[in-house]
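I opened my notebook to log a few look-ups.

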Amino acid sequence: MAKLTKNQKAAVAKYDATKQYTLLEACNIVKEISFTKFDSSVEVHVNLGVDPRKANQMVRGVVTLPHGTGKVTRVLVLCTPDKETEAKEAGADYVGLDEYITKIKEGWTDVDVIICTPSVMAKVGAIGRILGPRGLMPNPKTGTVTMEVGNAVKEVKAGKIDFKVDKTGIIHAAVGKVSFPAEKIAENAKELISAIIKLKPQTLKGTYMKAVSVCSTMSAGVSVDVKSVAE
């Protein structure tokens, strides 16, 4: 059995790994057991009782976190020239079309979100195999395929995130930074969980939300009492 490091021992002493906590308690604990020298992200993991292989049980959505993610989000807008000014004024980091599609084909994907207008989707579709696996493919369901590119950029910069259940039935999402007050992390997490609850598939039988945990980038997960967040 591997020996625990000094920081791991300190973390273990601060909470009971077998216990479930309220969301706010869990957020406080995560702040206490994060020992990284950088400002770690705080993540929420929600284990759902769905079968992602069934189309009618796929859980996917968007939510705007009230306190943002604490992360600088790099946004690329792919659009025709008539929309470029709108995108730039809204704060997009990169704006253009053909030159960026060429760069992406050559391996450049140094962005966090890509927004495009419906009229250029044919060109964007050609790089779908590159963008899809990286979670960068624009999608009307997440508001990243729209004529209102300015509003879309502002929402993303303000803390709008999209989430999707993975093939194991779990949703993973960053809801802030360790430097955030625990109350703000908890409020962001509650907003995400509320959005997930609203998306419960009508065809689902049995338990929907099976487990919830909170952790930082390199910390252990802290279990949250599901009943306390599902009400």
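**Entry: the pocket.** I looked up the largest pocket and found 42 lining residues. Asp112, Gly135, Ile161, Asp162 and Phe163 lie nearest its centre. I noted how a pocket is defined: on a 1 Å grid over the protein atoms alone, it is an open set of points where a 1.4 Å probe fits, with protein on both sides within 12 Å along at least five of seven lines. Lining residues have an atom within 4 Å of a point. The model is predicted: local features need pLDDT of at least 70, side-chain atom pairs count only at pLDDT 80 or more, and totals for chains, interfaces and linings use all residues. Residues are numbered from 1 along each chain as its sequence is written, and side-chain values use heavy atoms, with hydrogens and water left out.

The volume of the largest pocket is about 1100 Å³. That is the space filled by probe spheres set on the grid points, which are joined across faces, edges and corners.

Which elements give two or more residues to the lining of the largest pocket? I listed β1 (41-48), β2, β5, α7, β6 (160-164) and β7 (170-177). Helices (H or I, at least four residues) and strands (E, at least two) are DSSP runs, numbered from the N terminus. The largest share, 6 residues, comes from β7.

I sorted the lining by class: 16 nonpolar, 14 polar and 12 charged residues. Ala, Val, Leu, Ile, Met, Phe, Trp, Tyr, Cys and Pro count as nonpolar, Asp, Glu, Lys and Arg as charged, and the others, Gly among them, as polar.

**Entry: salt bridges.** I found 8 salt bridges in the structure. Each is a side-chain nitrogen of Lys or Arg within 4 Å of a carboxyl oxygen of Asp or Glu.

Asp112 came up again here. Aspartate 112 bridges to lysine 71, with the closest N and O atoms 3.5 Å apart. Aspartate 112 sits in the loop between α4 (98-105) and β5 (113-116), and lysine 71 in the loop between β2 (60-64) and β3 (75-78), 41 residues apart. Arginine 74 also meets aspartate 112 in a salt bridge, at 3.1 Å from N to O. This second pair is 38 residues apart, with arginine 74 in the loop between β2 and β3.

Next I checked aspartate 93, which bridges to lysine 157 at 2.7 Å between the closest N and O atoms. Aspartate 93 lies in the loop between α3 (84-90) and β4 (94-96) and lysine 157 in helix α7 (residues 149-158), so the pair ties together parts 64 residues apart in sequence. Is lysine 157 buried, exposed or partly exposed? At 35% relative accessibility, lysine 157 counts as partly exposed. The cut-offs are under 20% relative accessible area for buried, over 50% for exposed, and partly exposed in between (1.4 Å probe, protein chains only).

**Entry: rings.** I counted 3 aromatic pairs. Rings of Phe, Tyr and Trp (its six-membered ring) pair if their centres lie within 6.5 Å; planes under 30 degrees apart count as stacked, over 60 as edge-to-face and the rest as tilted.

Tyrosine 94 and tryptophan 108 have ring centres 5.2 Å apart and planes at 85 degrees, so this pair is edge-to-face. Tyrosine 94 is in strand β4, and tryptophan 108 is in the loop between α4 and β5. Tryptophan 108 is buried, at 18% relative accessible area. Tyrosine 100 and tryptophan 108 have centres 5.7 Å apart and planes at 40 degrees, so they are tilted. Tyr94, Tyr100 and Trp108 form one aromatic cluster.
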